[in-house]
Amino acid sequence: MSLLYLTILFPLIGFILLTCSRGTWWSDRLTTIIGVGSISLSAIITCLVTCNFYNEYIQHTSYQFSQILWQWISIEDFSITMALHLDILSVSLLCLVTGIGFLIHLYASWYMRGDRGYARFFAYTNLFIASMIVLLLADNLVFMYIGWEIVGLCSYLLIGFYFHDLKNSIAATKAFVTTRIGDVLIICAIFFLYQQFGTLNFNEMHALSNNMEDSSSLILLQSATLFLLGGAIAKSAQIPLHTWLIDAMVGPTPISALIHSATMVTAGVYLIVRTYFLFLLTPNVLYCIGIIGAITLLLSSFSAVVQKDIKRILAYSTMSQIGYMFLAIGVKAWESAIIHVIIHAFFKALLFLSAGSVILACNYEKNIFRMGGLRNSMPLIYLSFLIGGASLAAFPICTSGFYSKERILLATVADGKTIFLVCGLLGAFLTAIYIFRLIFLVFHGEEKISPSYSSNRIQHDIPLIVLLLFSTIIGVWILPSMEEIFPKCHWLPVSQKRGIEVISSIISLLGIFVAYKLWLGGPYRIVSYISQSRWGGFLLSFWIQGWGLDRLYHAIFIKTYLRITRLLSNDPLTKPIPSLLYLINFLEHYLIKSEIIRISVHFIMMLVGLVIMTAYLLFIGV
């Protein structure tokens with residue numbers, strides 16, 4: 001257990017070495033060894049720590065482990081210790097981040113081979129993994145916030161990886177600025193929570209929260225949880241701070257897989273679940289979380305149905321699946337939310353890596369309508385999309401996504417939130433439509449492009465095969481139980497549970513059938529009719545643009561800001577002030593010059609006097 005700090009140290013060493021290697025004689029092979037090897041060492045240490053942890057956890061279900069690194073701040077009663085905390089929640093997500101991170105790094109060593117930014121890519125991703133581990137293992141809110149900020153920095157660097165293209169730089173800046181809004185809110189939450197509890201340690205806040213009864217304290221706590229929610233919304237790309245995630249698809253595809261499955265967008269869910277004891281005291285905020293999740297789930301699903309870019313479809317699907325996680329949190333199904341985080345990481349990493357192979361084979365083509373018939377030339381990728389897509393669509397019985405999504409739907413019924421159940425079922429129907437629309441258009445029908453596909457069995461195939469297996473029912477068997485750390489949830493009788501499962505299964509299968517009929521059964525006739533109609537064309541255009549929220553934000557915030565800057569540029573003080581500065585600079589220059597002349601005169605006079613005195617002593621004085 002004392003090796004826990006090495007899970008962070010190895011990726012940090014990899015980051016430092018790769019950063020120092022830029023412009024040197026280091027080869028791509030050595031870069032691969034350092035970049036992938038550092039994450040593999042972190043994953044090995046995680047396995048050792050996890051085995052030791054579970055040996056203790058089996059004997060004592062409340063077992064937790066803490067490792068103090070150093071004392072950062074100590075001023076009178078205020079002290080912050082940098083310490084790592086391990087419980088069943090953090091160890092589960094630690095395994096997820098290092099495991100999925102290693103598979104994505106291994107795949108990226110094939111995908112990014114030959115890129116001129118190869119070493120820079122792995123330097124960024126190593127720092128990304130290290131910062132995410134800090135975020136997961138931090139035992140207090142300040143230490144977590146440090147990891148949270150570095151994660152945001154790494155996402156900015158990786159989204160704008162190809163910064164020579166202005167569009168990519170703009171997308172990276174958009175992601176950075178949008179998530180900074182949430183970061184400011186978290187800082188406010190930190191101030192409020194310290195004022196309330198006098199500590200920022202999670203365990204200490206949990207213990208103190210059990211004794212809170214004062215109404216004024218609860219009002220302050222409600223403000224703090226609202227700010228925490230704002231930070232989670234920005235980082236996890238939920239309405240209304242979600243628009244950055246779609247534009248983030250300009251980065252390399254392995255980065256999209258890393259951001260969507262194992263690092264950034266799940267950080268918001270983890271923040272709320274880690275501080276669940278605070279949200280239990282503010283049920284109104286919890287209900288808001290459920291509403292935000294339901295709205296995001298539906299809006300992103302409708303947008304995904306009409307997208308043409310393969311990566312944008314998967315990006316919208318990530319938003320919808322995180323909407324399910326927020327839905328689970330809204331009904332206090334904490335364990336179900338984390339289980340869906342883990343299962344979602346399996347099939348989403350599989351889908352993004354498979355999409356990367358398709359894009360590379362099709363000469364960087366991303367429009368699904370320009371592809372087709374790829375199932376024969378890319379059988380492994382086709383199987384990966386089938387299993388990953390089926391898990392995303394909650395195909396009954398055989399996929400892991402079915403079980404994690406069912407837990408959330410059952411929790412909504414058990415909590416009495418029927419409207420959330422309806423939203424969840426409608427989201428499942430739309431999910432089945434858009435993911436199988438993608439599969440049918442890319443892998444079935446006529447072959448519209450000849451793929452140049454070659455893979456390496458180790459670097460390319462192994463990550464896909466492992467993720468493919470975990471996206472099936474095998475992924476459910478490895479899930480941990482977290483019942484001991486979260487309050488007990490209400491569960492439905494077996495008869496009601498079976499009824500919800502049957503209804504959900506029928507809806508998912510119906511969505512697949514609709515996708516087949518619309519895009520394979522009678523090629524595009526219904527779709528063409530809808531798109532050519534007045535209202536149908538308007539809705540399709542509206543959904544493709546993400547419900548017009550980007551334009552709305554541009555009109556409200558960006559144009560308003562530009563108007564203010566133009567207004568201030570006509571300020572009457574803008575001319576006198578520069579003139580005054582010019583006058584001051586002129587006088588300064590003149591005075592300095594005159595002083596230099598004066599010093600020169602004094603120096604010459606001193607020399608003349610010295611010469612005269614010397615001559616006097618030598619000739620007259622004698």
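Visitor: Which residue stands opposite Gln 71 in β2?

Guide: This is a predicted model, in which local features need pLDDT of at least 70 and side-chain atom pairs pLDDT 80 or more, while totals for chains, interfaces and linings use all residues. Residues are numbered from 1 along each chain as its sequence is written, and side-chain values use heavy atoms, without hydrogens or water. β1 (residues 65-75) and β2 (residues 78-86) are antiparallel partners over nine bridges (pairing needs at least two DSSP bridges; strands are DSSP runs of E, at least two residues, and helices of H or I, at least four, numbered from the N terminus). Opposite Gln 71, β2 places Thr 81.

Visitor: Which residue in the turn of the hairpin has a positive phi?

Guide: Two residues separate β1 from β2 in this hairpin. In the turn, a positive phi of about 55° belongs to Glu 76.

Visitor: Is Thr 7 buried or exposed?

Guide: Thr 7 belongs to helix α1 (residues 6-20). Leaving aside residues up to four places away in sequence, Thr 7 touches Ser 42, Ile 45, Thr 46, Ile 133 and Leu 137 (contact means heavy atoms within 4.5 Å). Because its relative accessible area is 0%, and the term covers values under 20%, with over 50% exposed and partly exposed in between (1.4 Å probe, protein chains only), Thr 7 is buried.
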